[in-house]
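This report describes one protein model for a reader who is new to structural analysis. The sequence and the structure are shown first, and the description follows.

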Amino acid sequence: MLTLTHASQRLGNMPRDTRDTLFLLAVIAWVAFMQVGHTPWWCTALTAGVLVWRTTLALRGLPLPGWPVRVGLLGLTLGATFLTHSTLIGRDAGVTLVVVLLALKTLEMRARRDAFVVFFLAFFTLLTHFFYSQSLLTAAGILVALLGLLTALVNAHMPVGRPPLSQAARIAGGMALMGAPIMLVLFLLFPRLSPLWGMPGQDETGRSGLSGSMKVGQIAELVLDDNIALRVRFEGRPPPQGQLYFRGPVLSDFDGVEWRALRSGFPQSMALPTDLRVSGEPVRYQVTMEPNRRPWLFVLEATPQGPEVPDNAVRMNNELQWFTQRPINTLVRYSAESYPTFRYGPQTQVVALQDQIALPAGFNPRTLALAQELRREHGAGPEANPKLIDAVMNRLRTGGYSYTLEPGLYGQNTADEFWFDRREGFCEHIASSFVIHMRALDIPARIVTGYQGGELNGVDGYWTVRQRDAHAWAEVWLQGQGWVRVDPTSAVAPGRIGSLERLRAPQGALAGAIGNLNPNLAAQLRAAWEAVNNSWNQWVLNYTQGRQLDLLKNLGFTSPSWADLAYVLIGVVVFVSLLGAAWTLWERQQHDPWLRLLRRARTRLHKLGLESADHTPPRELAQRVRQRWNNADVDAGAAAALAQWLLQLEAQRYARPGPGNATLSSLQRQFQRLAWPRNTDT
């Protein structure tokens, strides 16, 4: 407390230029700090060094560096940016340059004109934060920076004296509040025309926990990602947690190390038919999916009709995976209808199923030998396949196999190591080894990846599916049934599929401390925060063209169009403009009623032939009234009363408060009852 008090006193005793400079540097530091996670380390170090240097110069009153130093730092920035990004244009390189240039601009901030350039460069830098995230936390940080910049800007327009920063902050806050209704109207009604509305995307590696391929055994330790992949809200009662399989990429091509999507050598006319057949009651739900920079839509198995994605066509391949025309680079919400009871795929043996039993030569010899032994034990032919599947699943349940996130690196024969040596792994090891075993038994099989499970947020009723819920399971083909889902992980670790032992990512120090003290409190705080973020996603980030037109329907439009939206926007703008004009007129009438009353008296005297200037005080007007009507016996009494009223008007404004002073309201009433003298000129 003493330190804060001392710092406040020292800040109050500083020259105004020093105080204002330090405040602006603090705001710029906050703006740059928000980009730390998206800029190179040297950018953060250089920006911090420049701001600390500029702060030292301001505190000591030293001169700013000359142009050779600034040009040298600029050249260093350009060179480092090019070496880091191999370009000087584009999103990442551009943001790096803008952040450093904002800091460098403070080294030539000598006059108000330079400060204004820094202000607006900082405003532009704020926009770049939305290139990487539009989350509620990012918006809150930008709002703090915006209020700080507005405070500095208002303070710069108050050059006289030493106004406190709190006064400038109040004015800036009032400006922001006055602009909030306009911002809300534009947000609701300004047309969202693609591709002008939205954030630019990058064809980078996806943020998703899934990918289009799966290398088995190349990861020694799986680090769980607690980021949210999608949120789901069910209409009615949701399915059991163990049935929540959100289907993603299907991997059928195996080269001994890596699983990929199928690249069949058969012609398209011989491709496996989808032949999807659903039954029972459907499950209806809404999905809010985070951007994953992949053209994948995650839906529950199985979904015969495609979800409606705004401005993005969808299609389903013969493996029941739904794709979009373009990668998902922004938050997207879609509705879907799935049937938990379904069958699909050919009912009888077809030639294209040969792709689903292919194995590379020279891999996993012990697994192949085990398969031959099982075939001799249970027989050959399609009718023995269900027994063989049950036998392999029973081996997983009773053979001492375990689920672990730290299996270590596997060698070339991953299935052999899993079945006979290590007997542990996470879902990709288990699913891959199971599918290899099935193919060794001549049972068509493949790997399906996606998300399994989730957790219910008790605050907003949404199911939250995280990146740590990424999962891999198997599909096997059976005569007369088609493709059937088999999850071998459920045999090794049933809690991974159910609700008993969901995977948990490591917690931070603060979250861990709260969880140790009160686990229920930690869970409630997390659920509340995620519910708030979800509301932000639903009502702000996901406010799409369709929701704009739905708003017009609620306003009474039967079949709204963009023209109707434009008319409503123009009408609102005109209404707000008229309202502002009326408010301005009312404020002008309310502005200083004392001056308005004096103006009315001066106007009345002008009609009686007594001229006066706008700056003539009431006392001088009273003296002129007496001189003008001093010799008029008829008007002497009225002139004396008018002169006395003018003196009371002046006393009301300038005299010390006292019991004998008239109030402004009483003077207004007296003005209405005054008997005015006649115009002697007529």
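In strand β5, residue R260 is the bridge partner of S213. Helices (H or I, at least four residues) and strands (E, at least two) are DSSP runs, numbered from the N terminus. Strand β1 is joined to strand β5 (residues 258-260) by 3 bridges, and the two run antiparallel. Two strands are said to pair if DSSP finds at least two bridges between them. The open sheet to which they belong has 3 strands in the order β1-β5-β4, with antiparallel pairing. Its edge strands are β1 (213-215) and β4 (253-254), each of which pairs on one side only. Helix α12 packs on this sheet and touches β1, β4 and β5; its direction makes about 80° with that of β5. Such angles run from 0 to 180 degrees between N-to-C directions, and the axes are lines fitted to C-alpha atoms, for helices over the stretch in contact.

**Basis and confidence of the model**

The model is predicted: local features need pLDDT of at least 70, side-chain atom pairs count only at pLDDT 80 or more, and totals for chains, interfaces and linings use all residues. Residues are numbered from 1 along each chain as its sequence is written, and side-chain values use heavy atoms, with hydrogens and water left out. The term pLDDT denotes the predictor's confidence in each residue, from 0 to 100.

For the protein, the mean pLDDT is 81, and 83% of the residues reach 70 or more. Confidence is highest in strand β20 (residues 482-486), at a mean of 93, and lowest in helix α15 (residues 509-517), at 48. Over residues 194-208 the pLDDT stays under 50, and the model has 27 contacts for them beyond four places in sequence. A contact means heavy atoms within 4.5 Å. The pLDDT is also below 50 over residues 499-503, a stretch with 16 contacts in the model beyond near neighbours in sequence.

**Overall composition**

The protein contains 22 helices and 20 strands. Of its 682 residues, 44% count as buried. Here buried means under 20% relative accessible area, exposed over 50%, and partly exposed in between (1.4 Å probe, protein chains only). Among contacts between residues at least 6 apart in sequence, 72% join residues at least 24 apart.

**Further strand pairing**

Strands of a sheet pair through backbone hydrogen bonds, either parallel or antiparallel. A second open sheet is formed by 5 strands in the order β9-β3-β16-β19-β20, with antiparallel pairing. Its edge strands are β9 (299-300) and β20, each pairing on one side only. Helix α12 (residues 427-440) lies across β16 (445-452), β19 (470-478) and β20, and runs at about 15° to β19.

Strand β7 (residues 283-289) is largely enclosed by the rest of the structure, because 5 of its 7 residues are buried.

| Strand pair | Bridges | Direction |
|---|---|---|
| β2 (residues 228-234) and β7 | 5 bridges | antiparallel |
| β7 and β12 (residues 332-338) | 7 bridges | antiparallel |
| β3 (residues 245-251) and β9 | 2 bridges | antiparallel |

Individual residues illustrate these pairs. Q286 in β7 is the bridge partner of R233, and R284 stands opposite E337 in β12. In β9, V299 is the bridge partner of R247.

**A helix with a buried side**

Which residues of helix α22 (residues 664-673) are buried? They are L664, S666, L667 and F671. These residues lie on the same side of α22, because they cover an arc of only 155° around the axis. The arc is that of the directions from the helix axis to the C-beta atoms. What covers them includes α19 (593-607) and α21 (636-654). The face turned away from the buried side of α22 carries the exposed residues Q672 and R673.

**Backbone exceptions**

Most residues other than glycine have a negative phi, and most peptide bonds are trans. The peptide bond from E301 to A302 is cis, with omega near -5°; A302 lies in the loop between β9 and β10 (314-316). S86, in the loop between α4 (67-85) and α5 (91-105), has a positive phi near 60°. S86 counts as exposed, at 58% relative accessibility. L320 also has a positive phi, of about 70°, and is placed in the loop between β10 and β11 (322-324). L320 is buried, with a relative accessible area of 5%.
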